[in-house]
Amino acid sequence: MWELIIMLYRSPSDEQQFEAFEIGHIMFMVLDHDRENPLHHAPIGKSPQHILDIGTGKGTWAIDMADMYSSATVRGVDIFPPPVTWMPPNCLFEVDDILREWTWREPFDFIHMRLMLGSFTPEGWDQLYKQCYDALTPGGWIEQIELDVRVYSDDGSLKEDSTLATWGDNFIGCSDRAGRSLLTQETMRGAMEKAGFVDVQEKLYKIPLGPWPKDKVLKEVGQLQYAHWIAALEGWAMWLLTKFGAPSPWSTEEVQVYLSKVRAELRNSRTHAYEPCRRVWARKPTAEEEMADLAIKTEPGV
Ligand SMILES: C[S@@+](CC[C@H](N)C(=O)[O-])C[C@H]1O[C@@H](n2cnc3c(N)ncnc32)[C@H](O)[C@@H]1O
């Protein structure tokens, strides 16, 4: 189990994977450039006190949040230490498996996750949302943003027989066989509701793959997402395909050939490919709402 947790995110070069996380962070900032604060959508107010970033990766989101909210202590937790040499004094990094018992004493106002797809089994996700629910202050917020690994085009420019067209289903198959579905963007809303979160809201995006859009901002997003893919490709693919590839695990050489095809297709500017992406944010009920809910549940005949 531990090997699985570690290896799903180990790339041939950790430095390269951290570089991919950084490019992904910038891409998400540009994607929501029209917002005064592109770091989150949940209405957490001007002076939150305690913020948690689960699976913080390189830690850039946590550092930016600590800079933005000097009132808050921002904790970033990951099974790997982030490669940071400097952080604001109100930002703390901890190395731990988030599914282990939480020992933080202060309740959080806000818990954030980004690109955690494929990290947990369905039971693991249920446990995690429950841990988040329990650790949030009443009225506190959770927010998660996840990519759909499948690639689409709206104008037929993505050829059905291309490697990119089948890329997503290939990896969804691998992750299902590994017991950690990559369809997190489809399941997270329901899992949050199941944990008791209310006021659930979501935003859908189409993230271009490459600088093909005419719109200036989307062109930049596409350029960044292309760079994100190039930096992350081998880390995403090698372990899953050599362990869980179909019809049988692939050899390293087969994966390398496959990835060269993907790189070539990504460079084709005639393909107007994109990946769907979903952001969901939701609130823990206030103390009054919890009391009212309890009263309904304990009413005779209910
Ligand atoms: C794809 S990266 C995303 C990093 C960061 N959230 C971002 O958006 O740049 C997923 C991160 O989740 C971490 N992770 C996976 N399973 C974890 C666990 N059980 N506990 C803590 N962190 C975990 C990985 O180590 C990795 O850094």
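Trainee: How much space lies in the largest pocket, and what makes a set of points a pocket?

Mentor: About 230 Å³ lies in the largest pocket. On a 1 Å grid over the protein atoms alone, where a 1.4 Å probe fits, a pocket is an open set with protein on both sides within 12 Å along at least five of seven lines. The volume is the space filled by probe spheres set on the points, which are joined across faces, edges and corners. This is a predicted model, in which local features need pLDDT of at least 70 and side-chain atom pairs pLDDT 80 or more, while totals for chains, interfaces and linings use all residues. Residues are numbered from 1 along each chain, and side-chain values use heavy atoms, without hydrogens and water.

Trainee: Which residues line the largest pocket?

Mentor: Lining residues have an atom within 4 Å of a point; among them here are Arg35, His40, Pro43 and Tyr69.

Trainee: Which helix supplies the largest share of the lining of the second largest pocket?

Mentor: Helix α6 does, with five residues. Helices are DSSP runs (H or I, at least four residues) numbered from the N terminus. That pocket has a volume of about 190 Å³.

Trainee: Why are α5 and α8 called oblique to each other?

Mentor: Helices α5 (residues 163-178) and α8 (residues 252-266) pack at about 130°. Angles under 35 degrees count as roughly parallel, over 145 as roughly antiparallel, 65 to 115 as roughly perpendicular and the rest as oblique. The pair is therefore oblique.

Trainee: Which residues of α5 make the contact?

Mentor: With contact meaning heavy atoms within 4.5 Å, α5 contributes Thr163, Leu164, Trp167, Asn170 and Phe171.

Methods: Axes fitted to C-alpha atoms, helices over the stretch in contact; angles between N-to-C directions. Helix = DSSP H or I, 4+ residues; strand = E, 2+ residues; numbered from the N terminus.
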